[in-house]
Amino acid sequence: SKISADQLEKADGLNIKTIKSIDDLLKQKQMPEHKKFELYLRLGELYLERHDYLRDVEIEQFARQHDQWAKTEKGEEPKSSNKKSKDEMLRAVNSFRRLVEKFPKHPRTDAALYSLAKTLGRLSNENCTLYFNQLIRDYPRSPLIPDAHLALGEYYFDKHDIVKATASYK
């Protein structure tokens with residue numbers, strides 16, 4: 001069964017409320033540091049969920065606008081925009097980066113590094129390689145190591161750097 005646009009919009013509304021609640025909690029001075037880590041991690045995940053939702057909305061809006069324009073070809077051809085969804089992705093990056101910088105010794109910093117690197121990779125930002133390599137170097141026992149190597153390989157493959165891609169895949 002397909003999820004309706006109304007249901008997706010309601011889910012996004014809940015994400016917005018949750019983001020606001022987390023922001024409010026993080027502003028509390030008495031919030032223990034170990035709880036802040038989990039809140040920042042969840043905040044990054046929520047921003048990514050919003051990115052995916054908003055990207056789909058932007059694609060649908062563009063398709064409707066383009067279909068309308070194509071019927072008459074009057075005026076300027078519409079251009080797609082991904083500003084709102086990209087802004088959410090950048091918020092996710094900032095949340096994950098805050099984790100890596102503020103909690104370098106946390107037991108789940110490997111997960112924060114992976115999330116940061118993976119999100120930067122989705123933005124085609126070459127800094128993703130720095131964070132994947134930091135994860136591999138600093139957390140050799142992390143269960144995320146195979147995923148980090150695979151993601152590095154995919155990043156290099158997409159950049160047509162077959163030598164580095166092959167090394168990462170191995």
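In this protein, 56% of the contacts with a separation of 6 or more are accounted for by residues 24 or more positions apart, where contact means heavy atoms within 4.5 Å. The model is a predicted one, in which local features need pLDDT of at least 70 and side-chain atom pairs count only at pLDDT 80 or more, while totals for chains, interfaces and linings use all residues. Residues are numbered from 1 along each chain as its sequence is written, and side-chain values use heavy atoms, with hydrogens and water left out.

The protein contains seven helices and zero strands, and its pattern along the sequence reads α-α-α-α-α-α-α. Helices (H or I, at least four residues) and strands (E, at least two) are DSSP runs, numbered from the N terminus. Taken along the principal axes, the box filled by the C-alpha atoms is roughly 60 × 50 × 35 Å. The protein has 170 residues, of which 36% count as buried; buried means under 20% relative accessible area, exposed over 50%, and partly exposed in between (1.4 Å probe, protein chains only). Its accessible surface comes to about 11,300 Å², and 52% of that belongs to carbon and sulfur atoms. Such areas come from the Shrake-Rupley method with a 1.4 Å probe, and for residues only the protein chains shown count as cover.

Two pairs of helices may now be considered. Two packed helices are described by the angle between their axes and the distance between the axes. Here the axes are lines fitted to C-alpha atoms, for helices over the stretch in contact, and angles run from 0 to 180 degrees between N-to-C directions.

Helix H3 (residues 83-102) and helix H4 (residues 109-122) have axes that come within 9 Å and cross at roughly 150 degrees. H3 and H4 are therefore roughly antiparallel to each other, a term for angles over 145 degrees. Their crossing is left-handed, that is, the near helix is turned anticlockwise from the far one by less than a right angle. On the H3 side the contact is made by Met89, Ala92, Val93, Phe96, Arg97, Leu99 and Val100, and on the H4 side by Ala112, Leu113, Ser115, Leu116, Thr119, Leu120 and Arg122. These residues divide into 10 nonpolar, two polar and two charged. In this division Ala, Val, Leu, Ile, Met, Phe, Trp, Tyr, Cys and Pro count as nonpolar, Asp, Glu, Lys and Arg as charged, and the others, Gly among them, as polar.

The second pair is formed by helix H6 (residues 145-158) and helix H7 (residues 162-169), whose axes come within 8 Å and cross at roughly 165 degrees. H6 is therefore roughly antiparallel to H7, and the crossing of H6 and H7 is left-handed. From H6, the residues His149, Leu150, Leu152, Gly153, Glu154, Tyr156 and Phe157 meet Ile162, Lys164, Ala165, Ser168 and Tyr169 of H7. The residues of this contact comprise seven nonpolar, three polar and two charged.

Some individual residues also deserve attention. Lys36 lies in helix H2 (residues 33-72) and counts as buried, with 11% relative accessibility. Apart from its neighbours within four places in sequence, Lys36 is in contact with Leu26, Met31 and Phe103.

Most residues other than glycine have a negative phi. Glu73, in the loop between H2 and H3, has a positive phi of about 55 degrees although it is not a glycine. Glu73 is exposed, its relative accessible area being 55%. His160, in the loop between H6 and H7, likewise is not a glycine and has a positive phi, of about 65 degrees. With a relative accessible area of 69%, His160 is exposed.

Terms used. Parallel < 35°, antiparallel > 145°, perpendicular 65-115°, else oblique.
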